[in-house]
Amino acid sequence: MRALVLVWSALLLVTATTHAEQELDIVIYGATGEVGSHAVHEALRRGHRVIAVSRNPAQVAMQHANLSVVEGNLLDTAGVARTVTGKDVVILSVRGVIGNSGKPESALQFIAAETLVDVLFPLGKNAPRLIHVGGSGSLEVEPGVLFAAKLPKILLSKDLEIEILGQILTLEFFRKVDDVNWTYVTPPMNFTNGPRTGVFRIGGDRALKDSRGRTRVSRADFAVALIDEAEQARHPRQRISVAY
Ligand SMILES: NC(=O)c1ccc[n+]([C@@H]2O[C@H](COP(=O)([O-])OP(=O)(O)OC[C@H]3O[C@@H](n4cnc5c(N)ncnc54)[C@H](OP(=O)(O)O)[C@@H]3O)[C@@H](O)[C@H]2O)c1
C-alpha cells in the first residue's frame, strides 16, 4: 500500500512539473501579492507568458523574457477590458475592502469577480477563462456549516471579516453565472511557506483534512493547482479546494 502511495505521489509530481504543451497568455491580478506572486513563478517555470498587473508596476522587481508588467486597477472596468481581451486565462488573487459600507459587497474579491464577469461575457467564445482565488471561510467543516461560522469574530479585523463574507458572496455569485467560464479555487484554512512538492489533493465544498486533522497547503503548491487549472480547464464553473 505504501509503495502504491509513493508511485501515485511520484506520478502527481511528474504531472505537475511537465512543461505545458501549449503556451498560454495568463493575466494575473494580484501578481505582487503573497499568493499571486507564486502563481507568476509557477506559470513562468512552465513556459507561459505572464501579464502581471499591479496598481504600481514598480513593485514588480522580477524580470523574465515571458513576463510583462502592466499597470492596472480592478476598479477601472475599461482598463480591465483592455488588459484581458485576447488573453487565455485571467487569475484573480486580490484582496481589499473598498469604501466603508461594512458590507460583504465591498470586498474587492467580490467587486473584482463582478467586474470580470461583466467584461468577459461580451467576449463570448473568445473570452479568457477566469480563475478566482477564493476563501476558506466558504468551505464546509460539517454538513451545512461553513468554516466562517466557526471563526471567533473577536479575533478578526473588521476588514478581514468583510473579506471572508465577501468571498462567500463571490462563490454564491459565480454559481449563478453560466455564461462565463469561471473556476473558484479555494485554499485550505492555512497557507504555509513550505516548498513546492506538486503533491496535494483537489476537493470540493468540504474542507480537506490531512491525517493529523490539519487543513493546509503551501502557497507554492497552491500555485501549482492554479496553473494546472489554467492549463487543463478541468473544473469549468465549479468550486474546487486544494489541500494536502
Ligand atoms: N486561507 C484562506 O482562505 C486565504 C488566506 C490568504 C489569502 N486568501 C485569498 O488569496 C487571495 C490573495 O491574497 P494574498 O494574501 O495573496 O493578498 P496580498 O498579499 O494582500 O495581495 C493583495 C493583492 O491585491 C492587489 N490589489 C489590491 N487592490 C487592487 C486593485 N484595486 N486593483 C488591482 N489589484 C489590487 C495588490 O496588487 P497591487 O498592490 O500590486 O496593485 C496585491 O497584489 C485573496 O483572494 C484572499 O482572500 C485566502
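I'll begin with confidence. The average pLDDT over the chain is 93, and 92% of the residues score at least 70. Residues 1-17 are the stretch to be careful with: pLDDT is below 50 there, and the stretch makes nine contacts in the model beyond near neighbours in sequence. Where pLDDT is low, the predicted coordinates should not be read in detail.

Next, the core. The largest nonpolar core holds 60 residues, and Ile28, Ile91, Leu92 and Leu226 have the most contacts inside it. Which helix gives the most to this core? That is α4, residues 108-120, with eight residues.

Setting aside residues up to four places away in sequence, Ile28 touches Gly36, Ala39, Val40, Val50, Ala52, Val53, Ile91 and Ser93. Three of these names, Gly36, Ala39 and Val40, come back in helix α2, residues 36-45, where they are buried along with His38, Glu42 and Ala43. What covers the buried residues of α2? The cover includes strands β1 (25-29), β2 (49-54) and β4 (89-92), as well as helix α7 (219-232). After α2 comes Gly47, with a positive phi near 90°.

Now helix α3, residues 77-84. Its buried residues are Val80, Thr83 and Val84. If you look down the axis of α3, these buried residues fall within an arc of 85°, so they line one face of the helix. They pack against β1, β2, β3 (67-71), β4 and α4. The residue to look at after α3 is Gly86, which also has a positive phi near 90°.

On to the ligand. There are 28 residues around the ligand, and Gly33, Ser54, Arg55, Val94 and Ser136 come nearest. Helices α4 and α6 (158-174) each supply at least two residues of this shell. By class, the shell has ten nonpolar, 14 polar and four charged residues.

Thr192 sits in strand β9, residues 190-192. Is Thr192 buried or partly exposed? Thr192 has 15 C-beta neighbours inside 10 Å, so this residue counts as partly exposed; being buried would take 20 or more. Apart from neighbours within four places in sequence, Thr192 is in contact with Arg216 and Ser218. Asp221 is 29 residues away from Thr192 along the chain, and their C-alpha atoms are separated by 9.5 Å.

The last two residues are about phi. Most residues other than glycine have a negative phi. Ala233 is not a glycine, yet has a positive phi of about 50°. Ala233 is in the loop between α7 and β12 (238-243). Arg237 is in the loop between α7 and β12 too, and the phi of Arg237 is also positive, near 55°. How exposed are they? Ala233 has 14 other C-beta atoms within 10 Å and is therefore partly exposed. Arg237, with 14 C-beta neighbours inside 10 Å, likewise counts as partly exposed.

That's the end of the talk.

Note on methods:
Residues are numbered from 1 along each chain as its sequence is written. This is a predicted model: local features need pLDDT of at least 70, side-chain atom pairs count only at pLDDT 80 or more; totals for chains, interfaces and linings use all residues. pLDDT is the predictor's confidence in each residue, from 0 to 100. Two residues are in contact if their C-beta atoms, placed from the backbone, lie within 7 Å. A nonpolar core is a set of buried Ala, Val, Leu, Ile, Met, Phe, Trp, Tyr and Cys residues joined through C-beta atoms within 7 Å. A residue is buried if 20 or more other C-beta atoms lie within 10 Å of its own, exposed if 12 or fewer, and partly exposed in between; C-beta atoms are placed from the backbone. Helices (H or I, at least four residues) and strands (E, at least two) are DSSP runs, numbered from the N terminus. A residue is near a molecule or strand if its C-beta atom, placed from the backbone, lies within 6 Å of it. Ala, Val, Leu, Ile, Met, Phe, Trp, Tyr, Cys and Pro count as nonpolar, Asp, Glu, Lys and Arg as charged, and the others, Gly among them, as polar. The arc is that of the directions from the helix axis to the C-beta atoms.
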